[in-house]
Amino acid sequence: MMNADLIQEVKEKLDNRQRLFLSPHPLLQRYISCYVFYMKPNPYHSVITTTLSIIPDASGCIVFTCYEDRMQGLLWGPTTEVKKVENSLADRTYFFVEFLPGGLRAFTGMDLAELRDKVVNLEDINKKLSVRIMEALRSTTCLSSFASRMNHLFLQLHDHHSNLNPLILSSMEYILQHEGSVRVKEVAHKHYISERQLQRSFQQHVGINVKKYASIVQFNQTIHRLKRKQDLPLSSLTNASGFFDESHMISTFHKMIGLTPSTFKENMSDFYNDAHKFPCKI
């Protein structure tokens, strides 16, 4: 199980949603969004389970569930569709390594298209990494030391694998700056590369094609905008998010999560996305 002193310090620093965010080392911040502890204590010691829908973010993450007698580490590949997970109210601690799009490749060297929309046991992909994270959770007694161990571990892994292609990093940044409202042809032209070459590299390094990535960026930023200003009229949301018109935005919501924007607003607590990955202008 997780170290008792570490658990206590995490509990003391949780926010009002039972989460604690830790920033990665500056050299890791183009690959890792954050480290996160999540706890949901159940004072009645009964297990109630609900379903939480994870909004696609083309990223991927490592998730460790800390039970009383064991730990389980899972690797989530880049997501392009909603993933439904148990949101258990049991007294457990979760530790996440939240990657940015393409970040997972920097530590595995894998073709991320192979992991797209898959959830696998971490030890099947990298047993040494799984063991070292578990050792850190079991033996580290304070948060600062734990963060240092994670940074050291991922910096070592990064040294053993190639960096992300600068062309891909630049393309992703360009799409993010334009909040997803760009065409593949425009991105390729900007970077002096053919559309075919760009798509092939994107599939390998990010796990999805350019058009899908741009759509995911635009959708996630629309969600953040909606969460911050829930009274924003749909027409204003459409314009602020770069959609052609309301029907285009409604169609995108249906494709991504199977709901209209209005229905999503009524059920936002059933969905989760990481606000750190796709910052947007209001």
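Student: In what order do the six strands of the open sheet lie?
Tutor: In this predicted model, the six strands form an open sheet with antiparallel pairing. Neighbouring strands are turned by 20° against each other on average, direction ignored. The order is β1-β2-β7-β4-β5-β8.

Student: Which are the edge strands?
Tutor: An edge strand of this sheet pairs on one side only. The two that do so are β1 (19-22) and β8 (119-121).

Student: Which residue in β2 stands opposite Leu22?
Tutor: Strand β2 covers residues 32-39, and β1 pairs with β2 in the antiparallel sense over four bridges. Opposite Leu22 stands Tyr35.

Student: About what angle does helix α1 make with the direction of β2?
Tutor: Helix α1 (residues 4-12) packs on the sheet, where it touches β1 and β2. Its direction and that of β2 make an angle of about 100°.

Student: How many bridges join β2 to β7?
Tutor: The strands β2 and β7 run antiparallel. The number of bridges joining β2 to β7 is seven.

Student: What is the bridge partner of Phe64 in β7?
Tutor: β7 also pairs with β4 in the antiparallel sense, over six bridges. The partner of Phe64 in β7 is Phe95.

Student: Why is β7 largely enclosed by the rest of the structure?
Tutor: In a regular strand the side chains alternate between the two faces of the sheet. Thr93, Phe95, Val97 and Phe99 point one way from β7, while Tyr94, Phe96 and Glu98 point the other way. β7 is largely enclosed because seven of its seven residues are buried.

Conventions. Residues are numbered from 1 along each chain as its sequence is written. This is a predicted model: local features need pLDDT of at least 70, side-chain atom pairs count only at pLDDT 80 or more; totals for chains, interfaces and linings use all residues. Side-chain values use heavy atoms; hydrogens and water are left out. Two strands pair if DSSP finds at least two bridges between them. Axes are lines fitted to C-alpha atoms, for helices over the stretch in contact, and angles run from 0 to 180 degrees between N-to-C directions. Contact means heavy atoms within 4.5 Å. Buried means under 20% relative accessible area, exposed over 50%, partly exposed in between (1.4 Å probe, protein chains only).
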